[in-house]
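Biologist: Could you take me on a close look at a single part of this protein? I am new to this, so please go step by step.

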Amino acid sequence: MSNSSSITEFLLAFTDTRELQLLHFVLFLGIYLAALLGNGLVLTAIACNQRLHTPMYFFLLNFALLDLGCISTTVPKAMANALWGSRAISYAGCAAQVFLFVFLFSAEYSLLTVMAYDRYVAICKPLHYGSLLGSRACAQMAAAAWGSGILNALLQTGNTFSLPLCQGNAVDQFFCEIPQILKLSCSHSYLREAGLVMVSACFASGCFVFIVLSYVQIIRAVLRMPSEQGQHKAFSTCLPHLAVVCLFVSTGAFSYLKPPSISFPSLDLVVAVLYSVVPPALNPLIYSMRNQELKDTVWKLLTGCLSVATDCLPSSADGSKYYS
């Protein structure tokens, strides 16, 4: 039997059929470019528009950064492997991928909790919004979200890669995922890791309960509003966040908490794509769909870029403009 000290690389799950490898590459490339474009537009819009320099958009900017980091941790390596017909990832590369993904994934979840608190204060305690969510408080809460991600990543990565790996080096996933690496470990070590996973699950459950309670209070406050326009505006700012939370929690929880009896390689692969690849591409669309200010700013950016690109094209009637 081999152990972790003798393993120099891991083998990721990829088909040997060249046509399917190229199909995977094209699909991942399309999703990755969509995520880069969507989150890049959100970041640029918030940075360039002074009207969007508010706590809600500050947290959204942080969330877009985490989305970009999360998808960039897994997809580029998967695309490279699919393009070159390879399955290998180095031991150090796998450990780095696990650390970065857990860090970014955990920080996103913590930030979603902070964003729920932001919506709660804005709707249920509007008179105290400025004092409770000043610039210093927002920076501290964002830093706490990022810090909690780093702490969880250090614990999970250190414990996972300290386990002796007795079942080879083949990971049944397109990236290094902790549940798949645990399948390679010895049974007694697996119990130790399971204990740490339970601690993380308790933290995640606490955040989830906080989000649910926040939205119970928000819905009660919105239903008491006398104005239908006020209700519509409140729901417009809350529904995108709630949709992102549901997508994030449902896919992540199913992937990490599903019983081994329903674990199949193809199902695990689909679920991993749903919780690690699809949300970063969809989140910018979800957040901008019902946010008129963000949509207007993004549209101005797009039209501005198109007008600049048009001005740079050579004119068929007068080529001197192109060289001026």
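Modeller: Happy to! Let's start with Leu66, which is found in helix H2 (residues 55–84). Keep in mind that this is a predicted model. Leu66 has a relative accessible area of 0%, and buried means under 20%, so Leu66 counts as buried. What does Leu66 touch, not counting residues up to four places away in sequence? Its contacts are Leu104, Ala107, Glu108, Leu111 and Trp146. Take Leu111 from that list: Leu66 and Leu111 are 45 residues apart along the chain, yet 9.5 Å separates their C-alpha atoms.

Rolling a probe the size of a water molecule over the atoms shows where empty space is left. The second largest pocket holds about 510 Å³ of space. H2 is among the elements that give two or more residues to its lining, along with helix H3 (91–124), helix H8 (228–257) and helix H11 (292–312). Which element gives the most to this lining? That is H8, with six residues. In total, 21 residues line the second largest pocket, and Met56, Arg119, Lys233, Thr237 and Glu293 lie nearest its centre. Sorted by class, the lining has eight nonpolar, seven polar and six charged residues.

Finally, a look at helix H1 (residues 18–48): at 1.5 Å a residue, its 31 residues should span 45 Å, and its end C-alpha atoms are 44 Å apart, which agrees. Several residues of H1 are buried, including Phe28, Tyr32, Leu41 and Ile46.

Conventions
Residues are numbered from 1 along each chain as its sequence is written. This is a predicted model: local features need pLDDT of at least 70, side-chain atom pairs count only at pLDDT 80 or more; totals for chains, interfaces and linings use all residues. Side-chain values use heavy atoms; hydrogens and water are left out. Helices (H or I, at least four residues) and strands (E, at least two) are DSSP runs, numbered from the N terminus. The expected span of a helix is 1.5 Å times one less than its number of residues. Buried means under 20% relative accessible area, exposed over 50%, partly exposed in between (1.4 Å probe, protein chains only). Contact means heavy atoms within 4.5 Å. On a 1 Å grid over the protein atoms alone, a cavity is a set of points where a 1.4 Å probe fits but cannot get out, and a pocket is an open set with protein on both sides within 12 Å along at least five of seven lines; lining residues have an atom within 4 Å of a point. Grid points are joined across faces, edges and corners, and a volume is the space filled by probe spheres set on the points. Ala, Val, Leu, Ile, Met, Phe, Trp, Tyr, Cys and Pro count as nonpolar, Asp, Glu, Lys and Arg as charged, and the others, Gly among them, as polar.
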